[in-house]
Amino acid sequence: MEMIVGQLWYFAASLLWGIVLMLFYDILEVFRRKIKHGRIGRLVEDWLFWAIAALFVFQMVFALNNGIIRSFFVVSFVAGMALYRQVAKEHVINGILAVIAFIFRPYVWFSKKIHKFSKKTLK
């Protein structure tokens, strides 16, 4: 029974890691939307992201199942990624963009006031 419970934890952890991984990828996507990158920059970011993600996933697999990759791990990991993409992707991206807009709202307001003031005084 204990072995089954361990495998259920492994299944749940892989599902959760799929969701978390896609969440962090969407944070990277918001970063890309706000700061434009070329093809090489995106390639480097993707390589770094997936290399770091692979290290974290390997650590999780090693810690929970002694490094043994089971087929249900792959299925639940991909299911977690797909579930996140279908259910939460747009909401999370829009939420992050709204928070960024809220944080920078005073800066934008202040810079518009300075711009108007400088236009008036330079005329």
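## Terms and model

A residue is called buried at under 20% relative accessible area, exposed at over 50%, and partly exposed in between, using a 1.4 Å probe and protein chains only. Accessible areas come from the Shrake-Rupley method with a 1.4 Å probe, and for residues only the protein chains shown count as cover. Helices (H or I, at least four residues) are DSSP runs numbered from the N terminus, as are strands (E, at least two).

The model is predicted: local features need pLDDT of at least 70, side-chain atom pairs count only at pLDDT 80 or more, and totals for chains, interfaces and linings use all residues. Residues are numbered from 1 along each chain as its sequence is written, and side-chain values use heavy atoms, with hydrogens and water left out.

## Confidence

The predictor's confidence in each residue is given as pLDDT, from 0 to 100. The protein has an average pLDDT of 87, and 98% of the residues score at least 70. Helix H3 (residues 71-87) has the highest confidence, at a mean of 92, while helix H4 (residues 89-122) has the lowest, at 83. Where pLDDT is low, the predicted coordinates should not be read in detail.

## Salt bridges

A salt bridge is counted when a side-chain nitrogen of Lys or Arg is within 4 Å of a carboxyl oxygen of Asp or Glu. This rule gives five salt bridges. One of them joins the side chains of Arg85 and Asp26, at 3.0 Å from N to O. Arg85 is in helix H3 and Asp26 in helix H1, so this pair links distant parts of the chain, 59 residues apart. Arg85 is partly exposed, with a relative accessible area of 32%, whereas Asp26 is buried, at 0%.

Arg32 takes part in two of the bridges described here. Its closest N and O atoms to Glu29 are 4.0 Å apart; these two residues are three apart in helix H1, which means that about one helical turn separates them. With Glu45, the closest N and O atoms are 2.7 Å apart. Because Glu45 lies in helix H2 (residues 39-65) and Arg32 in helix H1, the pair ties together parts that are 13 residues apart in sequence. Glu29 and Arg32 are buried, and Glu45 is buried too. A network of salt bridges links Glu29, Arg32, Glu45 and Asp46.

## Surface patches

Patches are made of residues with over 30% relative accessible area and no salt bridge; like charges are joined within 9 Å, and nonpolar side chains (Val, Leu, Ile, Met, Phe, Trp, Tyr) within 5 Å. Lys and Arg count as positive and Asp and Glu as negative, while His and the chain ends are not counted. The place of a charge is NZ of Lys, CZ of Arg, CG of Asp or CD of Glu.

Arg33, Lys34, Lys36 and Arg42 form a positive patch. Lys34 belongs to helix H1 (residues 2-34) and is exposed, with a relative accessible area of 53%. A nonpolar surface patch consists of Ile40, Leu43, Val44, Trp47, Leu48, Ile52 and Phe56, with about 770 Å² of accessible area together. Ile52 is in helix H2 and is partly exposed, at 45% relative accessible area.

## Between H1 and H2

Gly38 is found in the loop between H1 and H2. This glycine is partly exposed, with a relative accessible area of 44%.
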